Amino acid sequence: MTLDLSGRLAVVTGASRGIGYFMAKELAAAGAHVIAVARTVGGLEELDDAIKAEHARTGKGEATLVPLDLADMAGIDRLGGAIHERWGKLDILVANAAVLGVITPIGHVEAKTFEKVMTINVTSTWRLIRSVDPLLRLSDAGRAIIMSSNAAHSARAFWAPYAASKAAVETMMRSWAHETQSLPLRVNAADPGATRTAMRAQVAPGEDPETLPHPSEIARRIVPLASPELKETGLIFQAKHNRFVAYRQPE
């Protein structure tokens, strides 16, 4: 079934490149008006050109560009206020922006690096949720997609800051899903798996990127989580396997 998001409003963070860029394109192609958030103005402008070209071809999708550093917490608050003032609600949130930090023994991580990872990956995600939660509740079918990683569960050696940040994000997602399970709002995490992105190249510089799925492919698998027909909430969607998985208590 073709995904139809006509008339729906979506926020995508980290929209200037990688999975965020292609999530924004997919949402717009399905008819959504995308509020694209990123630090890199050039990347946002490229996205805007791509969405305009698609709109000219199909008549679907539009974009509003928001250059914003997610370390600017007051800026995140203003974003929610601006959405409320202009549109009165929000239908879709894709919290995608994140930084890797460093891959190194935990005792070697510099304080400023750890703090940046937590600020961008955790605190700004919480601040974004706080800013748009009231708007998503006003939608007839609010959808939140919180991008995560298998690192949250594997706890691999040398990955401590990033893994801890993604574990924290998933825990916030689960709590939010429990709080809203009686509402039309559906909240899930998405694990893209290894993808041909700049972050992956930073982690595995010797890897052949052609062996990995392109971010456009991963975005196509994840974007159905924005569907008004979605029933699942509080789960992880594994893009690699194209399936939802549930959490369970330690054994």
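Is Thr-40 buried, partly exposed or exposed? Thr-40 is partly exposed, because its relative accessible area is 44%, where buried means under 20% relative accessible area, exposed over 50%, and partly exposed in between, with a 1.4 Å probe and protein chains only. Before going on, a word on what we are looking at. This is a predicted model, in which local features need pLDDT of at least 70 and side-chain atom pairs count only at pLDDT 80 or more, while totals for chains, interfaces and linings use all residues. Residues are numbered from 1 along each chain as its sequence is written, and side-chain values use heavy atoms, with hydrogens and water left out.

Thr-40 is found in the loop between E2 and H2. Those labels are DSSP runs numbered from the N terminus: helices are H or I with at least four residues, strands are E with at least two. From the C-alpha of Thr-40 to that of Ser-131, 91 residues away along the chain, the separation is 22 Å.

Now the sheet. Its 8 strands form an open sheet in the order E3-E2-E1-E4-E5-E6-E7-E8, and the pairing is mixed; two strands pair if DSSP finds at least two bridges between them. Strand E3 (62-67) and strand E8 (243-245) are at the edges with a single partner strand each, so one side of each has no neighbour in the sheet. On average, neighbouring strands are turned by 20° against each other, direction ignored.

Take E4 as an example. E1 and E4 run parallel and are joined by 3 bridges, and E4 and E5 also run parallel, with 4 bridges. Ile-92 is the bridge partner of Ala-10, and in E5 the bridge partner of Ile-92 is Arg-143. Val-94 stands opposite Ile-145 in E5. Ile-92 and Val-94 point one way from E4, Leu-93 and Ala-95 the other way, and all are buried.

Next, helix H1, residues 18-29. H1 has 12 residues and reaches 17 Å from first C-alpha to last, close to the 16 Å expected at 1.5 Å a residue; the expected span is 1.5 Å times one less than the number of residues. Its buried residues include Ile-19, Tyr-21, Phe-22 and Leu-27. The buried residues of H1 pack against several elements, among them strand E1 (9-13), helix H2 (41-58) and helix H8 (215-222), contact meaning heavy atoms within 4.5 Å. Just after H1, Gly-31 takes a positive phi of about 110°.

On to the cores. What does the largest nonpolar core contain? The core has 34 residues, and those with the most contacts inside it are Ile-35, Val-37, Leu-93, Leu-136, Ile-146 and Trp-176. A nonpolar core is a set of buried Ala, Val, Leu, Ile, Met, Phe, Trp, Tyr and Cys residues joined through side-chain atoms within 4.5 Å. H4 gives the most to this core, with 9 residues. A second, separate core of 33 residues includes Leu-3, Ala-28, Ile-145 and Ala-226.

Last, the aromatic rings. The structure holds 3 aromatic pairs. Rings of Phe, Tyr and Trp (its six-membered ring) pair if their centres lie within 6.5 Å, and planes under 30 degrees apart count as stacked, over 60 as edge-to-face and the rest as tilted. One of the pairs is Phe-237 with Phe-244, edge-to-face at 5.3 Å centre to centre and 65° between the planes. Phe-237 is buried, with a relative accessible area of 5%, whereas Phe-244 counts as partly exposed at 25%.

Note on methods: Axes are lines fitted to C-alpha atoms, for helices over the stretch in contact, and angles run from 0 to 180 degrees between N-to-C directions.
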